[in-house]
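Thanks for coming, everyone. I would like to walk you through one structure this morning, slowly and with the picture open beside us.

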Amino acid sequence: MTAPTIPETTETAGRTIVLDVVGLQPQHIDADRTPTLESHFPSERVTDLRPPFPAVTVPAQTTLATGRGPGEHGDVSSGEYDRERKTAEFWERDRGGRDRIWETASDEAGLTTGVLNFQHLIGTSADVAVTPSPIEDENNDILEMNCWTNPDGFYDDLREKLGHFPLHNYWGPGANEEGSRWILAAASEAIDRFDPDLLWIYVPHLDYAGQSDGPDSDAFATALETVDDLLETFLADCSDTDRWDETVLTLVSEYGFHEVDRPIFPNRALREAELLETDAGGDADIPDSNAFAMVDHQIAHVYADEGALDAARDALAGLEGIDAVLDDSGKAERGIDHPNAGDLVLVAEPDAWFQYYWWDDRANAPPYATEMDIHAKPGFDPCELFFGDEGLVSLDASRVSGSHGRVDESAFGCFGLGGPAAPELEGDGPVDATDVTPTIVELLGLEGGHSDNLE
């Protein structure tokens, strides 16, 4: 099959709005559950989107916004492992060396660009940007809610009109539609004030039920209806703007979900093999460990000292639920052969996922295990979506019902073109995540493609 493309002869769009509705798949779009989406993206304008491997937030987002895969851009997980300091950190919030379509279109092509709630936005040169950046103390406790914005002071204006960004509704046991509602309202304000030529909007609401209840649940079906209602309000505002007739809506989703019921604990196996050390407070002593697994949904990166790799492989061999253990050749085959990747990369079976726990007895868990502390935890923790019995966050990994990270056809995301200036899709079959940025480049009439303009 030929991947869908836009016709080369199409006229360029005056404005492109990207709706990044994480967790959405083509089969979710119909007149009954999602009439707003169906009206803007009928079936002939929507197809599957093949995510990169691994299909987790930061690798997928960077690929969608650069046209390059993880083996090139180096974002191999939503966390980063520093081999020199031997530390694993999740959700670091600066731009770093990332250069995405909104930065290049602004810096090199002179377009006005905007992006809301993407990862790694602090320091971006996009003309309009909003990303949560609360003021915290040395213990990562929030002292005051804040957002980093371009231009300076934009968050003050948003706060005056919309109230503070509802961080506790954006992730955690209280996650609900209010985070997505605030983001879309802020996007309307960005259009009204700055009228960007390109605006990329992250809409996270489906992610919550997708993980906590699973993609086949009633809760996920309700979340679909909620997202559609939120988009109805936003798109109604868009249709009242002066440039609506020249607008293309680009619909993307970073991944779909698998139903899961088996948590896997690679760090327990490494600890039992005396490869992972813990300190007196129960925390993983990564600098003094010979091997450690940085987990992210259905993927785990195993970092091992020289001479400990075979022992780590042997320790993990008996774990049920692991579908593949990727060495250098396996990483190259999956397009994740980058120095940032683990010495081994574990892939879970479709109904399984990886949890970071290294303890068996809850009394030996580190203090942050039952807290909302996304930066301190050396692995992604979906249990943060559940209230706990012994703290804010649950330690019962069996409650998680959905996960992602594997690249299977059943869990592809979606790609669509809608709006009054949208061209037709040509071809059939899935769109690759690396083709999204080149398509937007063409829609905006920029010279060249991602190989030329997206350094």
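**A strand on the inside**

Let us begin with strand β10, residues 198-203, where six of the six residues are buried, so the strand is largely enclosed by the rest of the structure. Please keep in mind that what we are looking at is a predicted model. If you follow the side chains along β10, you will see that Leu-198, Trp-200 and Tyr-202 point one way, while Leu-199, Ile-201 and Val-203 point the other way, and all of them are buried.

Which strands pair with β10? One is β1, residues 15-21, which runs parallel to β10 and is joined to it by six bridges, with Leu-199 as the bridge partner of Ile-17. Another is β5, residues 113-116, also paired with β10 in the parallel sense, over four bridges, and here Leu-116 stands opposite Ile-201.

Ile-201 comes up again in the largest nonpolar core, which has 100 residues, because it belongs with Leu-19, Val-21, Leu-24, Phe-165, Phe-234 and Leu-251 to those that touch the most other members. Helix α8, residues 218-239, gives this core its largest share, nine residues. Apart from this core lies another, of 30 residues, including Ile-101, Phe-118, Leu-417 and Leu-443.

Finally, a word on confidence: the mean pLDDT of the protein chain is 93, and 94% of its residues reach 70 or more. Over residues 449-455, however, the pLDDT is below 50, although this stretch has 22 contacts in the model beyond near neighbours in sequence. Where pLDDT is low, the predicted coordinates should not be read in detail.

Note on methods
Residues are numbered from 1 along each chain as its sequence is written. This is a predicted model: local features need pLDDT of at least 70, side-chain atom pairs count only at pLDDT 80 or more; totals for chains, interfaces and linings use all residues. Side-chain values use heavy atoms; hydrogens and water are left out. pLDDT is the predictor's confidence in each residue, from 0 to 100. Contact means heavy atoms within 4.5 Å. Buried means under 20% relative accessible area, exposed over 50%, partly exposed in between (1.4 Å probe, protein chains only). Helices (H or I, at least four residues) and strands (E, at least two) are DSSP runs, numbered from the N terminus. Two strands pair if DSSP finds at least two bridges between them. A nonpolar core is a set of buried Ala, Val, Leu, Ile, Met, Phe, Trp, Tyr and Cys residues joined through side-chain atoms within 4.5 Å.
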